[in-house]
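Subject: Structure handover and notes

Dear colleague,

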Amino acid sequence: MIATEGIEDEEKWLAEGIAAIQHNAFYMSRALDSNNLREALKYSALLLSELRTSKLSPHKYYELYMRAFDELRKLEMFFREEDRHGCSVIDLYELVQHAGNILPRLYLLCTVGSVYIKSKEAPAKDILKDLVEMCRGVQHPTRGLFLRSYLAQISRDKLPDLGSEYEGEGDTVMDAVDFVLQNFTEMNKLWVRMQHHGPVRLKEKLEKERSELRDLVGKNLHVLSQIEGVDLEMYKDVVLPRVLEQVVNCKDEIAQYYLMDCIIQVFPDEYHLQTLETLLGACPQLQPAVDVKTVLSRLMERLSNYADSSPEVLPDFLQVEAFAKLSSAIGKVIDAQTDMPVVGAISLYVSLLTFTLRVHPDRLDYVDQVLGACVRKLSSKAKLEDSKATKQVVALLSAPLEKYTDIVTVLTLSNYPRVMDPLDAGTNKIMAKIIIESIMKNDTCVSTADKVEVLFELIKGLIKDLDGTATDELDEEDFKEEQNSVARLIHMLYNDEPEEMLKIICTVRKHIMAGGPKRLTFTVPPLVFSALKLVRRLQGQDGDMAGEEVPATPKKIFQLMNETIEALSSVPSSELALRLYLQCAEAANDCDLEPIAYEFFTQAFVLYEEEVADSKAQVTAIHLIIGTLQKMTVFGVENRDTLTHKATGYSAKLLKKHDQCRAVYACSHLFWVDDQDGIKDGERVLLCLKRSLRIANAAQQQANVTRGSSGPVTLFVEILNKYLYFFEKGNPQITPGAIQSLIELIKTEMQSDATTPDSASDAFFTSTLRYVQFQRQKGGLMGEKYNPIKV
């Protein structure tokens, strides 16, 4: 029995054992030097008697064993030289069996047996059989394992293998295999028995000690794999069935897990592929506590690497139906181990999917089959709450994205969305981000409404609240990042066919309108711009097309966009809605659809009146309206007059005087458009400029009353620049005299004591005068025009 005393005692016993070995080794070496066989055997037996101890742990026993092993090598060299000891190897084989204790006797017998085989005076198979049978005399687990390990060590280069010097005369490869398998079987029995070689309270310690000794058992399988004569046929018919029989029958979870792993690691990939059914058949027979999922995962990884490194073997995988066999085995293991946690089952499916994607990437039916099996496993749970299992599901769903790099391929997998159903809201979001990142990274274009429908079902975690999770609970920055990623995704949805593109737009609209008001400010703008792209492709089609289910006409799209932008008012996000109305109005102008353009402007003005309350926002909005209206060419006189009148009216009603002034002189451009016939109303331009001058003057007076100084003359200089602009464009109402008067007015204002000095305004005015002087000196028509103006 393995002693349970403290580490200090163990160190002391080890030291005593080493000292005794060294002592006897000294006398043995002296006997060897003097060619004294009797004394050499005497002291070698005494030396080996130290290995009879039961006080050491396997780790310490190994140290002692290695000391003895080194001395046995010297003894073996002595036994080989018959002229030194004068005894034939046959007599020597008999002589060592007279040693008093069984353990020294068997070590000496193995040592002489090695020499006996090498001498070829008897068939190797007879000696090996004799040795392996005799070693049954030691049944103590630790001592027996090390003894048999010694036997394996000294015999490994003397096995009757193909091409070996020991083959022939009745010695065959089968004899070598039988010997190794018998030694393996006996060693495994000893190793398993260790578990029961002590009290139950020491179970953990015993398991640790067994773990330290496992390589002694595994070396037998390594030796088997190195025997040249073990071809596929022998492996399939003899080696694997006998090894698996021992693995299954030992009914020990530690031994079963280690030995299955050994089989996978030491034998060739080709053998595994051709004996897959036999190997997998053992898995459901293993003890429930055995980590079968790791065993199977390693097998699949090994086979995947084999397929990667040797593409020419891929037909073999199909021929042996590797996928079907692995899939069936995994199903049987999961059914057999009823208490297997969900994470274990899913990790098996992850391994199977990885195998499938590496070996059969073209077989989407296989991929979908794995996902379907996972769905069936998860169907028993409403929501997946185990974080480890959740991570495995994310890994399962991410694998096809990484392999195919094309979301369109993934969208054809019918079971892919169903795997996501049991995920919680947080994990749904993580998966949605991974999907969008994959699309962006690979620049994938999703081009049909059906696939867009599936895609938006997959990313529903980002486009609507799941499980009642309110958006208010989210971190603001995270929320923005999520919605911006959805916005970028919308731009990746495209089809050259207008009808299909309209279907895509309708599908996206359906999903984003269900996402709640907070998301609309992020998702509506990209949808609107995507629709406007389609509109510009359809310019000129203003009527309904007969025979079409969903006629993709600009009118239809504008109607859809009007309803979509209207939803932004519930956010509220009136400024964004106003900008989008103006964008649509501009597009309607390009399509020559006056009523629609007018309607969009009307909506923009309604929003301005009712929703835009902030003074800064009003300034920005009115300038946007003026800028867009200036570019409109579709309006008739009546509609244009109505809209320009509204724009100038709102400009004059802005809160701050300087904002009023700038908006009013901006309106002057509505009455004089260069690249357009008919809109060159010089009088109304002059009216706008004069009105802006009055407002600027009022602003100066107001500043004088409130602050005691009239402020800088920047507004006057800006208006002067407008005068010069229209003067150059040929507006007859803008005369050199009017410009001269304005220059004199500015000079007077600048010299006034009430005016606040301002270097920027001064520089602006100086620069303007320099421009006038430059135009005068330039000559030609423009020079003549500017000549009357004195600066």
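In which helix is the place of Glu 94? Glu 94 belongs to helix α5, and please keep in mind throughout that this is a predicted model. With a relative accessibility of 48%, Glu 94 counts as partly exposed, because the partly exposed class runs between the 20% limit for buried and the 50% limit for exposed residues. Glu 94 also takes part in a negative surface patch, whose other members are Glu 82, Asp 83, Asp 91 and Glu 121. The elements that contribute two or more residues to this negative patch are α4 (82-85) and α5 (89-95).

Salt bridges

The search of the whole structure returned 30 salt bridges, and I describe some of them here.

One of the bridges joins the side chains of Glu 165 and Lys 120, with an N to O distance of 3.2 Å. This pair links distant parts of the chain, since Glu 165 sits in the loop between α8 (141-155) and α9 (173-193) while Lys 120 sits in the loop between α6 (102-119) and α7, 45 residues apart. Lys 120 itself is partly exposed, its relative accessible area being 45%.

A further bridge is formed by Arg 136 and Glu 186, where the closest N and O atoms are 3.1 Å apart. Here too distant parts of the chain are linked, with Arg 136 in the loop between α7 and α8 and Glu 186 in helix α9, 50 residues apart. The two partners fall into separate accessibility classes: Arg 136 counts as partly exposed at 39% relative accessibility, whereas Glu 186 counts as buried at 10%.

Asp 421 and Lys 460 also meet through their side chains in a salt bridge, at 3.7 Å from N to O. Asp 421 lies in the loop between α22 (416-420) and α23 (425-442), and Lys 460 lies in helix α25 (residues 460-463), so that this pair, 39 residues apart, again links distant parts of the chain. The relative accessible area of Asp 421 is 41%, which makes this residue partly exposed. Finally, Arg 73, Glu 76 and Arg 80 are linked in a network of salt bridges.

Cysteines

How many disulfides does a search of the whole structure find? The search finds zero disulfides. Cys 87 is in no disulfide, and the nearest cysteine sulfur to it, that of Cys 110, is 18 Å away. For Cys 506, the closest cysteine sulfur is in Cys 584 at 14 Å, which is too far for a bond, because a disulfide requires the two sulfur atoms to be within 2.5 Å. In accessibility, Cys 87 is buried, with a relative accessible area of 13%, while Cys 506 is partly exposed, with a relative accessible area of 31%.

Backbone angles

Thr 405 has a positive phi of about 50° although it is not a glycine, and its position is in the loop between α20 (387-404) and α21 (407-411). Thr 405 is partly exposed, at a relative accessible area of 36%. Asp 592, likewise a residue other than glycine, has a positive phi near 65°, and Asp 592 is placed in the loop between α30 and α31 (594-610). At 59% relative accessibility, Asp 592 counts as exposed, because that value is over the 50% limit.

Distances along the chain and in space

Lys 125, in helix α7 (residues 124-134), is 46 residues from Asp 171 in sequence, yet their C-alpha atoms are 6.0 Å apart in space. Lys 125 is partly exposed, with a relative accessible area of 32%. For Val 571 and Lys 189, which are 382 residues apart along the chain, the C-alpha separation is 75 Å. Val 571 lies in the loop between α29 (554-566) and α30 (574-590), where this valine is partly exposed at a relative accessible area of 25%.

Conventions: Residues numbered from 1 in each chain as written. Predicted model: local features only at pLDDT ≥ 70, side-chain atom pairs only at ≥ 80, totals over all residues. Heavy atoms only, no water. Patch = residues over 30% accessible without salt bridge, like charges linked within 9 Å, V, L, I, M, F, W, Y side chains within 5 Å. Areas by Shrake-Rupley, 256 points an atom, 1.4 Å probe, with all protein chains shown as cover. Salt bridge = Lys/Arg side-chain N within 4 Å of Asp/Glu carboxyl O. Lys, Arg positive; Asp, Glu negative; His and termini not counted. Charge placed at Lys NZ, Arg CZ, Asp CG, Glu CD. Helix = DSSP H or I, 4+ residues; strand = E, 2+ residues; numbered from the N terminus. Buried < 20%, exposed > 50% of the residue type's maximum accessible area, 1.4 Å probe, protein only.
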